[in-house]
Amino acid sequence: REYGEISLKDIDQVVKSSFPLCMRHLFEKLREDHHLKHGGRMQLGLFLKGVGLNLDDALAFWRAEFSKKVGLEKFEKEYAYNVRHSYGKEGKRTDYTPFSCQKIILSTPGAGDQHGCPYRHFSEENLRAALSRMGVNSRATEDVMNKVRNKHYQLACTLTFEAIHGMQCDAGINHPNQYFSDSQKIFQQ
Ligand code: SF4
């Protein structure tokens, strides 16, 4: 496959190898609940657009999950428009750009919301569990938690990236799509 594009059949594998925790969490919640509230749909949807999921695949992706919960008809009526909209195919045809870390970190998820930055918005217990599922060892986990305590969320994410990839990330993480492309570059070397 070409660099800079993902297709639906690759998605489960690239989630595990190359999604930052914020997006991995949204993806897993969507698979589990077959639903995400608006903030989560925007954060994950625009990220997926940024990693190269085309509109047809995006529609198929959201339809497959949402139709299990709300039914196909309701999906087509209430949600499909928004997917097309975020690809600039409806309304004012604005081509929306994926959210930066700063925007995500400053977001304010409410009850039932799954968006946001886990380094900022998760409880310590949930963050530790998530890092362990990502394969971060206990020593690196302590380094990550240290950054979190000092409110250096992007540095915490950078350390996670380095622990998982076994490689320095000199630029630091400042955008979920940058995390993804830096990761893919390593795996495709
Ligand atoms: Fe996502 Fe950025 Fe937070 Fe990492 S630092 S989890 S990429 S928002």
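Two cavities of 30 Å³ or more are present in the structure, which is a predicted model. Two or more residues of the shell around the ligand are given by each of helix H6 (101–105) and helix H7 (118–121). The ligand is surrounded by Pro20, Cys22, Cys101, Ile104, Cys117, Pro118, Tyr119, Cys157 and Pro176. By class, this shell comprises nine nonpolar residues, with no polar and no charged ones.

The lining of the largest cavity is formed by Pro20, Cys22, Cys101, Ile104, Ile105, Cys117, Pro118, Tyr119, Tyr153, Gln154, Cys157 and Pro176. The elements giving two or more residues to this lining are H6, H7 and helix H10 (153–165). The lining of the largest cavity divides into eleven nonpolar residues, one polar residue and no charged residues.

The second largest cavity holds about 50 Å³ of space and is lined by Leu21, Arg24, His25, Glu28, Ala130, Arg133 and Met134. At least two lining residues are supplied by each of helix H2 (21–33) and helix H8 (124–133), and the largest share, four residues, comes from H2. In this second lining, three residues are nonpolar, one is polar and three are charged. The second largest cavity lies between domain 1 (8–86) and domain 2 (101–187), because both domains give residues to its lining.

Definitions and conventions: Residues are numbered from 1 along each chain as its sequence is written. This is a predicted model: local features need pLDDT of at least 70, side-chain atom pairs count only at pLDDT 80 or more; totals for chains, interfaces and linings use all residues. Side-chain values use heavy atoms; hydrogens and water are left out. A residue is near a molecule or strand if one of its heavy atoms lies within 4 Å of it. Ala, Val, Leu, Ile, Met, Phe, Trp, Tyr, Cys and Pro count as nonpolar, Asp, Glu, Lys and Arg as charged, and the others, Gly among them, as polar. On a 1 Å grid over the protein atoms alone, a cavity is a set of points where a 1.4 Å probe fits but cannot get out, and a pocket is an open set with protein on both sides within 12 Å along at least five of seven lines; lining residues have an atom within 4 Å of a point. Grid points are joined across faces, edges and corners, and a volume is the space filled by probe spheres set on the points. Domain bounds come from an automatic or database domain assignment.
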